[in-house]
Amino acid sequence: MDTIGDMLTSIRNASSALLPKVTVPHSKLRVGVVEMLKREGFIEGFEVSGDLKKSIGMTLKYKDRRGVIAGIKRISRPGLRNYVGSGEVPNVLGGMGVSILSTSRGVMTGRDAKKQNIGGEVLCHVW
């Protein structure tokens, strides 16, 4: 079960179908990834709802009937984990995109990880 991959696929499919919202099951790691997407301007907003069975509802962002998220790719997966050191954090499209990492200090973007001089597991690339 690749929960992050399932979430990214849901976002990709909803964006290509021009759906205004997408809902995925809740987990702390997923909330961290969604917070990074919101902070970097790829989605308009999100909210966690539900008491017993929580879910994350995201409002997608569009510009001229095209999704702001042009591409989203899962890098580290359950069968092949991808860890990088602080000096090996990847650039996505020469800085036009963002890499999202899971580090010892939480989920953060590649730029933040470089500034703090820490590495981690590369979860995905978004552009």
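**Figure 1. Surroundings of R74 in the predicted model.** Leaving aside residues up to four places away in sequence, R74 touches D2, I4, G5, L8, R81, L123 and C124; a contact means heavy atoms within 4.5 Å. This is a predicted model, in which local features need pLDDT of at least 70 and side-chain atom pairs count only at pLDDT 80 or more, while totals for chains, interfaces and linings use all residues. Residues are numbered from 1 along each chain as its sequence is written, and side-chain values use heavy atoms, with hydrogens and water left out. R74 belongs to strand β6, residues 72-74 (helices, H or I with at least four residues, and strands, E with at least two, are DSSP runs numbered from the N terminus). With a relative accessibility of 18%, R74 counts as buried (buried is under 20% relative accessible area, exposed over 50% and partly exposed in between, with a 1.4 Å probe and protein chains only).

**Figure 2. Polar contacts made by the side chain of R74.** The side chains of R74 and D2 are joined by a polar contact of 2.9 Å. A polar contact is a pair of N or O atoms within 3.5 Å; within protein, one must be able to donate a hydrogen and the other to accept it, and residues adjacent in sequence count only if both atoms are side-chain atoms. The R74 side chain also reaches the backbone oxygen of L123, at 3.2 Å. Both D2 and L123 are among the residues that R74 touches.

**Figure 3. The buried residue L60 in strand β3.** L60 is part of strand β3, which covers residues 55-60. L60 counts as buried because its relative accessibility is 5%. Residues up to four places away in sequence again being excluded, L60 touches I11, A14, S15, L19, P20, V22, I43 and E44. From L60 to V126 the C-alpha to C-alpha distance is 14 Å, and the two are 66 residues apart in sequence.

Figure 4. Most residues other than glycine have a negative phi. D64, although not a glycine, has a positive phi of about 55 degrees. R65, also a residue other than glycine, has a positive phi near 55 degrees. D64 counts as exposed at 69% relative accessibility, and R65 counts as exposed at 67%.

**Figure 5. S104 in the loop between β8 and β9.** The loop holding S104 runs between β8 (98-103) and β9 (106-109). At a relative accessibility of 72%, S104 counts as exposed. S104 and L37 stand 67 residues apart in sequence, and their C-alpha atoms are 19 Å apart in space.

**Figure 6. The whole chain, as context for the close-up views.** The chain contains three helices and 10 strands, arranged along the sequence as α-β-α-β-β-β-β-β-β-β-β-α-β. Its C-alpha trace spans about 40 × 40 × 25 Å along the principal axes. Of the 127 residues, 41% count as buried. Among contacts in the chain with a separation of 6 or more, 62% come from residues 24 or more positions apart. The side chains include 20 positive and 11 negative ones, and the centres of the two sets lie 3 Å apart. Lys and Arg count as positive and Asp and Glu as negative, with His and the chain ends not counted; each charge is placed at NZ of Lys, CZ of Arg, CG of Asp or CD of Glu.
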